[in-house]
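Here is a friendly first tour of a protein model. Keep the sequence and the 3D view side by side as you read.

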Amino acid sequence: MARISLDPPRGLVLRMAEWYSRRKYGKVMDPLRASGHNPKVLGAVALYESRVASWKDLDPGLKHLAEMVTAARIGCSWCMDFGYWLAEDQGLPMEKIQYVPAWREHREHFTELELLVMEFAEAMTETEPAVTDAMTRELIGTLGERAFIELVAMVAVENHRSRINSALGLVGQGFSDRCAVRPVAKGASGTV
């Protein structure tokens with residue numbers, strides 16, 4: 001249950017954000033409602049997210065895997081719920097995406113590059129980052145410097161999102177109910 005009211009004062013910034021959210025996602029997202037208590041924060045986050053969406057140097061599938069692994073590592077159920085829906089909306093292979101929460105136990109579903117990206121995202125998400133020089137060298141060698149910097153920034157952005165949503169007590173909002181994925185939990189064996 002949310003730790004803050006999801007019914008903030010309905011000022012202009014919030015009303016505009018609600019309109020955009022309904023148009024793009026079919027509903028008003030709870031993180032938006034929570035941020036609505038502070039229109040300056042809401043406006044800054046909206047501007048920031050619009051800029052983040054314009055980054056195009058990193059492969060969208062790799063970017064999404066990094067975001068989902070980060071959200072899973074932090075334990076943000078809202079971000080995971082939205083992430084499954086977004087993956088399907090972007091046409092990513094759901095037979096792969098379902099294994100993200102337990103990717104280490106289902107490595108066979110991912111390419112070597114995907115595994116390296118997910119390992120890096122987890123290492124960067126640790127409370128004391130566990131990124132190694134070897135990881136960095138391999139990713140820069142494979143992705144190039146521009147895409148690597150975007151990967152680093154995306155993991156940091158998802159850390160920001162997931163930590164805020166978790167601290168606010170936001171949980172899944174039913175986005176994944178609208179997609180054809182059955183997430184595989186850690187410790188689960190077999191196929192879905």
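This is a predicted model: local features need pLDDT of at least 70, side-chain atom pairs count only at pLDDT 80 or more; totals for chains, interfaces and linings use all residues.

Residues are numbered from 1 along each chain as its sequence is written, and side-chain values use heavy atoms, with hydrogens and water left out.

Let us begin with helix H1, residues 12–25. Helices here are DSSP runs (H or I, at least four residues), numbered from the N terminus. The expected span is 1.5 Å times one less than the number of residues.

Which residues of H1 are buried? They are Leu14, Ala17, Glu18, Ser21 and Tyr25. Buried means under 20% relative accessible area, exposed means over 50%, and partly exposed lies in between (1.4 Å probe, protein chains only). Seen down the axis of H1, these buried residues fall within an arc of 105°, so they line one face of the helix. The arc is that of the directions from the helix axis to the C-beta atoms. An α-helix has 3.6 residues a turn, so residues three or four places apart point the same way.

The face of H1 turned away from its buried side carries the exposed residues Leu12, Met16, Trp19 and Arg23. The cover over the buried residues includes H2, helix H3 (39–52) and helix H5 (77–89). Just after H1, Gly26 takes a positive phi of about 85°.

Ala17 gives a closer look at this helix: it sits in H1 and counts as buried at 14% relative accessibility. Setting aside neighbours within four places in sequence, Ala17 is in contact with Leu32 and Leu42, where contact means heavy atoms within 4.5 Å. Ala17 and Asp89 are 72 residues apart along the chain, and their C-alpha atoms are separated by 21 Å.

Asp30 belongs to helix H2 (residues 30–35). Is Asp30 buried or exposed? With 12% relative accessibility, Asp30 counts as buried. Not counting residues up to four places away in sequence, Asp30 touches Leu6, Trp78, Leu170 and Gln173.

Phe82, in helix H5, is buried as well, with a relative accessible area of 12%. Beyond the neighbours within four places in sequence, Phe82 is in contact with Tyr25, Met29 and Phe175. Tyr25 is one of the buried residues of H1. Phe82 and Asn165 lie 83 residues apart in sequence and 12 Å apart in space, C-alpha to C-alpha.

**How helices pack against each other**

Axes are lines fitted to C-alpha atoms, for helices over the stretch in contact, and angles run from 0 to 180 degrees between N-to-C directions.

| Helix pair | Angle | Axis distance |
|---|---|---|
| H8 (residues 133–143) and H9 (residues 145–167) | about 125° | 7 Å |
| H4 (residues 60–74) and H7 (residues 112–125) | about 40° | 9 Å |
| H3 and H9 | roughly 150° | within 12 Å |

H3 is therefore roughly antiparallel to H9, while H4 and H7 are oblique to each other. Angles under 35 degrees count as roughly parallel, over 145 as roughly antiparallel, 65 to 115 as roughly perpendicular and the rest as oblique.

The crossing of H8 and H9 is right-handed, and so is that of H4 and H7, whereas H3 passes H9 in a left-handed crossing. A crossing is left-handed if the near helix is turned anticlockwise from the far one by less than a right angle, and right-handed if clockwise.

Which residues meet where H3 and H9 pack? Tyr48, Glu49 and Val52 in H3 meet Met154, Val157 and Arg161 in H9. Between H8 and H9, Thr136, Leu139, Ile140 and Leu143 meet Glu145, Ala147, Phe148 and Leu151.

**A residue in H4**

Our last stop is Leu65, in helix H4, which is buried with a relative accessible area of 2%. Among the residues that Leu65 touches, not counting those up to four places away in sequence, are Ile97, Val100 and Phe110, along with Glu114 and Met118. Glu114 and Met118 are among the H7 residues at the packing of H4 and H7. Leu65 and Lys96 are 31 residues apart in sequence and 9.8 Å apart in space, C-alpha to C-alpha.

Notes. Helices (H or I, at least four residues) and strands (E, at least two) are DSSP runs, numbered from the N terminus.
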